[in-house]
Amino acid sequence: MPMERDRYSRQILFRPIGREGQSKLAQSRVAIVGMGALGTVSASHLVRAGVGYVRLIDRDVVEESNLQRQSLYLEADALQHRPKAEAAAQILREANSEVVIEPIVDDLHATNAEWLLSDVDVIVDGTDNFQVRYLMNDISVKHGIPWSYGGAVSSHGVTAFFRPEQTPCFVCLFGSDASMPGHDTCDTVGVISPVVSMIASLQTADVLKYLTGNEARIANRATHLDVWANDYYHTELGQPREDCPCCKHHQYRALDAKSGAMAVSLCGRATVQVRPDHPVAIDMEAFARRLAAFGKVNFNGHILRCELDGATLTLFQDGRALVHGTSEPAVARMLYARYVGM
Ligand SMILES: [Zn+2]
């Protein structure tokens, strides 16, 4: 007990949180979707703050180019191509062993979103993906769970805290299809670390307000900032739209969509993800031996990387694969079909 008091003493001294707020945090559950730059900063804040349970969801592995801003990862994680969710979980457990941390190495899609997000108190957006944001929004509205939206690219970013029935939802603000092929991404125009930390910190502040019973302190507006242009401003969120198909008519288009797509291009980074229609269990060791006949294979017990036909294939146990070295879904599908099988 003295340890616990000491650990959180400065946060408990902060009156709006106090002992009561701290105890609420300990009983709270949060899911963070995407453990890139935003997700790692949010996770670090929330785990250190003493949120009782934190689920980390990410489908990707650590790469060298992540280290500049994804603050929980080390060079060894990039060298070993460790799954981000697992690498983050390990370091966060060392930072606060009192928190239950559950890493999920998978992407969020229509068939698992409800299972992964409907049993938490708040959802935190750490993605750079509009399709996934629509899924989070659908879950948020359907299950009455707020979500903290954040996005950062280049030197600018935006954040807002969406609360079902109190604020507009993502569909109210952006319509039903805001996925914008060709829009700026961190992989095409870059991103600097300070803007990421600021956006994730603002996201976390709202999460802490919500979880500690200080919901009235959450502004009904989006915060925009550009750390290079020294530009900081707000836009009012206003009221939910009367004709919103999601939060007024309860049509959950993202959630109801069939996840039939066999290949999804990860825009702008010469990587395509291929996912089978149904999860499968691959015998990875046997597979590593088989692929060794075709190219250089690296198998670390969880994931298998193999260089094939000028591309690199990263295969996960559930049959999902990342094909690096192409941005053509058809090429990725072909490589997958040739070496993994469909
Ligand atoms: Zn709405």
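Predicted model: local features only at pLDDT ≥ 70, side-chain atom pairs only at ≥ 80, totals over all residues.
**Entry 1: Leu108 and its core.** Setting aside neighbours within four places in sequence, I found Leu108 in contact with Val33, Ala113, Leu116, Leu117, Val132, Leu135 and Met136. I then looked up the largest nonpolar core, which has 35 residues. Leu108 is one of the members that touch the most others, along with Val33, Leu117, Ile123, Met136 and Cys169. Helix α8 gives the most, with seven residues. I also noted another core lying apart from this one, with 28 residues, including Val47, Leu56, Ala87 and Val122.

**Entry 2: helix α6.** I checked the length of α6 (residues 84-95) next. Its twelve residues should span 16 Å at 1.5 Å a residue, and the end C-alpha atoms are 16 Å apart, so the two agree. Which residues of α6 are buried? I noted Lys84, Ala85, Ala87, Ala88, Ala89 and Leu92. These buried residues pack against α4 (37-49), β2 (53-58), α5 (75-79) and β3 (100-105).

**Entry 3: the zinc ion.** On to the metal. I found that the protein donors of the zinc ion are the SG atoms of Cys169, Cys172, Cys244 and Cys247, at 2.2 to 2.3 Å from the ion. Angles among the four donor atoms run from 98 to 122°, and the site is tetrahedral. Along the chain, the donors follow the spacing C-x2-C-x71-C-x2-C. I picked out Cys172 and Cys247, a pair that links distant parts of the chain, 75 residues apart. Cys172 sits in helix α9, while Cys247 is in the loop between β8 (231-236) and α12 (253-256). Are these two cysteines buried or exposed? Both Cys172 and Cys247 are buried. Looking back at my first entry, I see that the donor Cys169 was also listed there as a member of the largest nonpolar core.

**Entry 4: aromatic rings.** I took Phe161 and Tyr210 as my example: the pair is tilted, 5.8 Å centre to centre with 45° between the planes. Phe161 lies in strand β6 and Tyr210 in helix α11 (residues 193-211), so the pair ties together parts 49 residues apart in sequence. Phe161 is buried, with a relative accessible area of 1%, whereas Tyr210 is partly exposed at 24%. Lastly, I wrote down one aromatic cluster, formed by Phe130, Tyr134, Trp147, Tyr149, Phe162, Phe170 and Phe174.

Terms used. Residues numbered from 1 in each chain as written. Heavy atoms only, no water. Core = buried A, V, L, I, M, F, W, Y, C linked by side-chain atoms within 4.5 Å. Buried < 20%, exposed > 50% of the residue type's maximum accessible area, 1.4 Å probe, protein only. Helix = DSSP H or I, 4+ residues; strand = E, 2+ residues; numbered from the N terminus. Contact = heavy atoms within 4.5 Å. Expected span 1.5 Å × (residues − 1). Donors = N, O, S within 2.8 Å, 3.2 Å for Na, K, Ca; no water. Tetrahedral: all angles 85-135°; square planar, octahedral: opposite > 155°, others 65-115°. Phe/Tyr/Trp six-rings, centres within 6.5 Å; stacked < 30°, edge-to-face > 60°.
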